[in-house]
Amino acid sequence: MAEALPPQHRRADFERWRRRSRLIRTLRIALPALIVLIFLGLAGSVAWSTFNSAPKVAVGAGDEPIRLLTPRFVGRDTKGRAFVLTAESATRDRLDYQRVILKKPTLVLDENGPDLLRMTGADGIFHEQDGKLELTNGVSVADARNTFETASSLFDTKSGEVIGSGPIQGAGGLGEIRAESYGVYSKGERMVFKGGVRTRLETKK
């Protein structure tokens, strides 16, 4: 017949069993929670890495103006004469799509014909809607008979007329001339100078 354990031993065994039971219940709750936290951490790490590795899009990139290198515009005026407009670069105005800002533009009108006209400048603006070209800063205007230097010029690619409001000076078949404004009309056959006109005529011997 088995000997009964003393009461103090029974109480010690009961306490050990109760502590073990509490530990098991705690682990049953803590382990699943720890696993969930590990998965959440991994998911967060993957999302963070994906976000940081994505290409950055510059704010306002869609608003950047369209810029072309060595552009070339061609057309004809109302008299059927061909013109070619080139430049070092062309940038469309974001506020006015028909307005093209040019760097170092050059316009050649009727290159192989009798009404050759060549215009260059450091800066320019081409209005595509009405076909007008504004040239500024060191403008040079030359045809078969004359060469002029001026501050600014406005060329109408439709009519072929050239006008300017800045000082102009140059030389032609008749001599030298200075004026405050000028205009070239009728295929270059008529040139009008205004404002403080000074000329020095040269007679052929």
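Does S153 count as buried or exposed, and at what relative accessibility? The model in view is a predicted one, and in it S153 counts as buried, because its relative accessibility is 5%, which falls under the 20% limit for a buried residue. The place of this serine is in strand β10, and, when residues up to four places away in sequence are not counted, S153 touches M119, L133, E134, L135, V139, V141, V162, I163, G164 and Y182.

From this one residue we can turn to the chain as a whole. The chain contains 1 helix and 16 strands, and of its 205 residues, 30% are buried. Among the contacts in the chain with a separation of 6 or more, 33% are made by residues 24 or more positions apart.

In soluble globular proteins, nonpolar side chains tend to be buried together. Here the largest nonpolar core has 25 residues, and the members that touch the most other members are L102, L133 and F155. Two or more residues of this core come from each of the elements β3 (82–86), β5 (99–103), β6 (106–109), β7 (117–120), β9, β10, β13 (175–179) and β14 (181–185), and the strand that gives the most is β9, with 4 residues. For L102, leaving aside neighbours within four places in sequence, the residues in contact are F73, L85, A87, S89, A90, A122, D123, G124, F126 and L133. L133, which is in contact with L102, is also touched by S153.

Rolling a probe the size of a water molecule over the atoms shows where empty space is left. The structure holds 1 cavity of 30 Å³ or more, and the volume of the largest cavity is about 40 Å³. Its lining is formed by L117, V141, A142, D143, N146, F148, V184 and M191, a set that divides into 6 nonpolar residues, 1 polar residue and 1 charged residue. Strand β9, which spans residues 132–143, gives the most to this lining, with 3 residues.

One of the lining residues, A142, is found in strand β9. Leaving aside neighbours within four places in sequence, A142 is in contact with L116, L117, R118 and T147, and L117 is itself among the residues that line the largest cavity. Although A142 and L116 are 26 residues apart along the chain, their C-alpha atoms are separated by 8.3 Å.

S159 is buried, because its relative accessible area is 19%, a value under the 20% limit. The side chain of S159 reaches the backbone nitrogen of E161 at 3.3 Å, and, not counting residues up to four places away in sequence, S159 touches D77, T78, K79 and R81.

What, by contrast, is the relative accessible area of K194, and is this residue buried or exposed? K194 is exposed, because its relative accessible area is 54%, which is over the 50% limit for an exposed residue.

Key: Residues are numbered from 1 along each chain as its sequence is written. This is a predicted model: local features need pLDDT of at least 70, side-chain atom pairs count only at pLDDT 80 or more; totals for chains, interfaces and linings use all residues. Side-chain values use heavy atoms; hydrogens and water are left out. Buried means under 20% relative accessible area, exposed over 50%, partly exposed in between (1.4 Å probe, protein chains only). A polar contact is a pair of N or O atoms within 3.5 Å; within protein, one must be able to donate a hydrogen and the other to accept it, and residues adjacent in sequence count only if both atoms are side-chain atoms. Contact means heavy atoms within 4.5 Å. On a 1 Å grid over the protein atoms alone, a cavity is a set of points where a 1.4 Å probe fits but cannot get out, and a pocket is an open set with protein on both sides within 12 Å along at least five of seven lines; lining residues have an atom within 4 Å of a point. Grid points are joined across faces, edges and corners, and a volume is the space filled by probe spheres set on the points. Ala, Val, Leu, Ile, Met, Phe, Trp, Tyr, Cys and Pro count as nonpolar, Asp, Glu, Lys and Arg as charged, and the others, Gly among them, as polar. A nonpolar core is a set of buried Ala, Val, Leu, Ile, Met, Phe, Trp, Tyr and Cys residues joined through side-chain atoms within 4.5 Å.
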